[in-house]
Amino acid sequence: RDSATLRMVPVGASCCLFVLATLASSEAKVAESPSCGYDSTLEEADLHYQKGLNLTDKGELDNARVEFEKAVALNSEFSDAYYQLGVVLMHKGDFPNAEPMFESAITFNDRVPQYHSMLGVCTVQQNKLDKAFDAFSRTTELQPQDPWAHYNLGLVLQKQKRYGPAEESFLEAVTLHGGDKRFHQHLAEVLEANGKLKRALLYYENLLKFDPQDTYAQTRSASIRMQLEQANHE
């Protein structure tokens with residue numbers, strides 16, 4: 001079963017795989033907006049951006065999109081406005097058009113981890129796994145202490161069947177934050193896929209500590225114990 005679910009508000013029916021931080025709102029000002037002191041054009045761009053954030057908070061995404069578009073029209077290097085445009089488009093399930101918005105944000109500011117994370121989610125939804133790998137790898141470089149960044153990278157690697165690197169990513173997530181059962185589940189799954197059954201069993205058993213009634217963990221644990229017993233009798 002696949003329990004990798006969004007930690008953020010779902011952006012569409014197909015967005016059920018990856019875990020990120022909070023969606024666009026006043027909390028999601030991932031970088032400072034441009035200084036309003038340069039000239040009236042930049043000041044006007046910033047005003048449209050702030051209006052867009054307020055509208056996003058109210059759930060008026062179509063109107064918010066208009067304001068963010070006005071902001072980037074006035075300031076073509078407004079990275080936050082491109083980011084918020086991308087988020088609005090993702091909310092509507094428009095991943096192909098959201099992708100270049102996140103790329104534009106990154107072009108003008110490569111140091112914001114959320115830009116890369118959202119590009120990763122956006123490209124995963126389009127099955128562009130190599131591009132998603134690059135995006136989530138960059139996120140872990142910028143936020144090495146964020147367990148969710150490692151988890152997202154691990155999910156891409158797991159989908160690519162690159163179980164060794166996926167194991168490293170999930171182990172890092174568990175090390176940084178051992179309190180989320182999804183980290184343990186996916187680590188157990190890639191360990192099992194790599195034939196590391198004894199270690200996999202430990203993490204499936206961890207799932208049962210979170211929830212003793214977890215039938216998935218019970219089934220996998222029983223299967224691995226059977227395999228280990230058979231191996232001992234051979």
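Predicted model: local features only at pLDDT ≥ 70, side-chain atom pairs only at ≥ 80, totals over all residues.
Let me begin with Arg182 and Asp180, whose side chains are joined by a polar contact of 2.7 Å. A polar contact here is a pair of N or O atoms within 3.5 Å; within protein, one atom must be able to donate a hydrogen and the other to accept it, and residues adjacent in sequence count only if both atoms are side-chain atoms. Arg182 belongs to helix 9, residues 181–193. Helices, as the term is used here, are DSSP runs of H or I with at least four residues, strands are runs of E with at least two, and both are numbered from the N terminus. Is Arg182 buried or exposed? Arg182 is buried, at a relative accessible area of 19%. Buried means under 20% relative accessible area, exposed means over 50%, and partly exposed lies in between, with a 1.4 Å probe and protein chains only.

Residues are numbered from 1 along each chain as its sequence is written, and side-chain values use heavy atoms, with hydrogens and water left out.

Now to the chain as a whole. The protein chain has 11 helices and 0 strands, and its pattern along the sequence reads α-α-α-α-α-α-α-α-α-α-α. Of its 234 residues, 51% count as buried. Among contacts in the chain with a separation of 6 or more, 52% come from residues 24 or more positions apart; contact means heavy atoms within 4.5 Å.

Glu99 counts as buried, at 4% relative accessibility. Which residues does Glu99 contact, leaving aside its neighbours within four places in sequence? They are Leu119, Cys122, Thr123, Gln126, Lys128 and Lys131. With Gln126, the side chain of Glu99 makes a polar contact of 2.9 Å, side chain to side chain. With Lys131, the side chains are joined by a polar contact of 2.5 Å. Glu99 and Val121 are 22 residues apart along the chain, and their C-alpha atoms are separated by 9.4 Å.

Thr41 is partly exposed, with a relative accessible area of 33%. From Thr41 to Ala71 there are 30 residues in sequence and 9.4 Å in space, C-alpha to C-alpha.

I turn next to helix packing, starting with helix 6, residues 129–142, and helix 7, residues 147–159. Their axes come within 9 Å and cross at roughly 155 degrees. That makes helix 6 roughly antiparallel to helix 7. Axes are lines fitted to C-alpha atoms, for helices over the stretch in contact, and angles run from 0 to 180 degrees between N-to-C directions. Angles under 35 degrees count as roughly parallel, over 145 as roughly antiparallel, 65 to 115 as roughly perpendicular and the rest as oblique. The crossing of helix 6 with helix 7 is left-handed, a term for a near helix turned anticlockwise from the far one by less than a right angle. On the helix 6 side, the contact includes Leu129, Phe133 and Phe136, and on the helix 7 side it includes Leu153, Val156 and Leu157. By class, this contact of helix 6 with helix 7 has 8 nonpolar, 5 polar and 1 charged residues. In this scheme Ala, Val, Leu, Ile, Met, Phe, Trp, Tyr, Cys and Pro count as nonpolar, Asp, Glu, Lys and Arg as charged, and the others, Gly among them, as polar.

Helix 7 also packs with helix 8, residues 163–176, at an angle of about 160 degrees, with the axes 8 Å apart. Helix 7 is therefore roughly antiparallel to helix 8. Their crossing is left-handed. Among the residues making the contact are Pro147, Tyr151 and Leu155 of helix 7, and Tyr163, Phe170 and Leu176 of helix 8. The residues of this contact divide into 11 nonpolar, 4 polar and 1 charged.

Finally, two loop residues. Most residues other than glycine have a negative phi. Asn127, not a glycine, has a positive phi of about 60 degrees. Asn127 lies in the loop between helix 5, residues 113–125, and helix 6, and counts as exposed at 56% relative accessibility. Lys161 likewise has a positive phi, near 60 degrees. Lys161 is in the loop between helix 7 and helix 8, and counts as exposed at 60% relative accessibility.
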